[in-house]
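Here is a friendly briefing to read next to the model. Take a look at the fold first, and then go through the notes topic by topic.

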Amino acid sequence: MTVHDELPTENESQMLKSNHYFDFLPTSTTKQIIRHKGYILSYSEANEQAEWVAYELKKSELNYNNNDFKRPYFIDDPMVKTGSADWKNYRRSGYDKGHLCPAGDRKYSKSMFEETFYTSNISPQKHDFNEGIWNRLEQKVRYWASKYDGIYVVTGGVLENNLATIGDEDVTVPKYFYKVLLDNYNGKYKMIAFLVPHEDSEKPLYEFVVPVDQIEKITGIDFFPKLNDKEEVVLEKNSDYKNWSFQ
């Protein structure tokens, strides 16, 4: 087990909290957890991408849209011990380098903005999907982060067997992408999950809401294992979106 696989000690947890340590990390099926300052991920070498990326998005972090940071080149993630996929796998593939933790969610800091351009934080996405419904969902997440003053976000592609691949390193192309959101307001939790087919759609976002349990079954990931067990069961079986504003 490497240092990146280990759970943080109590002292490390206190330090990591100042660097956006995600208190409700999902389980990892790959045992390769990478902790960056602005997000944490579980890297799947078999799929050459993250099975999930997790981070907290706060209201105070959304007031920096005027930060005109130069868009950097995508580079390999130096913390992935097995080596993250080279960006050249995407060249002439017909797919965008789709961010999992969006660069737009990290515009309050140049270094954290640049972190989102590690190739461990991207997945092959069709252009109309990336610029269409997926972008709409990312914008809605920012809206909720502002409205509810901070939410936890877990996102990734569903890495099933026998999927198409791109590039010399066989980067997997997911058929579905998901986002799981958790809001904690005065000790009361609410949760919502989206399972979105990898194609653009004009349907309203709430039509893609599913129980968290459904995503757990197809991914093998337990998304919020640190929640109280009884509370987790209730939250993850629920697909009611009425507590979330879709205006």
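**A buried tryptophan pair and its surroundings**

Trp-144 and Trp-244 are both buried, where buried means under 20% relative accessible area, exposed means over 50% and partly exposed covers what lies in between (1.4 Å probe, protein chains only). This is a predicted model, in which local features need pLDDT of at least 70 and side-chain atom pairs count only at pLDDT 80 or more, while totals for chains, interfaces and linings use all residues. Residues are numbered from 1 along each chain as its sequence is written, and side-chain values use heavy atoms, with hydrogens and water left out. Helices (H or I, at least four residues) and strands (E, at least two) are DSSP runs, numbered from the N terminus.

**Aromatic pairs**

- A search of the whole structure finds 17 aromatic pairs; rings of Phe, Tyr and Trp (its six-membered ring) pair if their centres lie within 6.5 Å, and planes under 30 degrees apart count as stacked, over 60 as edge-to-face and the rest as tilted.
- The ring centres of Phe-24 and Tyr-189 are 5.8 Å apart and the planes stand at 80°, so this pair is edge-to-face.
- Phe-24 sits in the loop between α1 (10-17) and β1, and Tyr-189 in strand β10, so that distant parts of the chain, 165 residues apart, are linked.
- Phe-24 counts as buried at 10% relative accessibility, whereas Tyr-189 is partly exposed at 22%.
- Trp-144 and Trp-244 are also an edge-to-face pair, with 5.1 Å from centre to centre and 70° between the planes.
- Because Trp-144 lies in helix α4 and Trp-244 in the segment after α6 (229-237), this pair ties together parts that are 100 residues apart in sequence.
- Both tryptophans belong to one aromatic cluster, formed by Trp-144, Tyr-148, Phe-194, Tyr-206, Tyr-241, Trp-244 and Phe-246.

**Nonpolar cores**

- The largest nonpolar core has 42 residues, and Val-53, Ile-151, Leu-181, Phe-194 and Val-196 touch the most other members; such a core is a set of buried Ala, Val, Leu, Ile, Met, Phe, Trp, Tyr and Cys residues joined through side-chain atoms within 4.5 Å.
- Two or more residues of this core come from each of β2 (40-44), β3, α4, β6 (151-157), β9 (176-185) and β10 (188-197).
- Helix α4 gives the largest share of this core, 6 residues.
- Another core lies apart from it, with 23 residues, among them Ile-40, Val-158, Tyr-178 and Leu-182.
- Leaving aside residues up to four places away in sequence, Ile-151 touches several residues, including Tyr-55, Val-141, Trp-144, Leu-181 and Trp-244; contact means heavy atoms within 4.5 Å.

**The sheet and its helices**

- Seen in order, β1-β2-β3-β6-β9-β10-β11 make up an open sheet of 7 strands with antiparallel pairing; two strands pair if DSSP finds at least two bridges between them.
- β1 (33-35) and β11 (209-210) stand at the edges with a single partner strand each, so one side of each has no neighbour in the sheet.
- The antiparallel strands β1 and β2 are joined by 3 bridges, and Arg-35 has Ile-40 in β2 as its bridge partner.
- Helix α4 packs on the sheet, where it touches β3, β6, β9 and β10, and its direction makes about 5° with that of β9; axes are lines fitted to C-alpha atoms, for helices over the stretch in contact, and angles run from 0 to 180 degrees between N-to-C directions.
- Helix α5 (residues 212-219) lies across β9, β10 and β11, at about 55° to β10.

**Salt bridges**

- The structure holds 3 salt bridges, each a side-chain nitrogen of Lys or Arg within 4 Å of a carboxyl oxygen of Asp or Glu.
- Arg-106 bridges to Glu-61, with the closest N and O atoms 3.4 Å apart.
- Arg-106 lies in the loop between β4 (96-99) and α2 (110-115) and Glu-61 in the loop between β3 (49-57) and β4, so the pair ties together parts 45 residues apart in sequence.
- Both Arg-106 and Glu-61 are buried.
- Arg-142 and Asp-105 meet in a salt bridge at 2.6 Å, N to O.
- This pair links helix α4 (residues 133-147), which holds Arg-142, to the loop between β4 and α2, which holds Asp-105, 37 residues apart.
- Arg-142 is partly exposed at 21% relative accessibility, while Asp-105 is buried at 1%.
- Glu-114 and Lys-110 form a salt bridge at 2.6 Å, N to O, and both lie in helix α2, 4 residues apart, about one turn of the helix.
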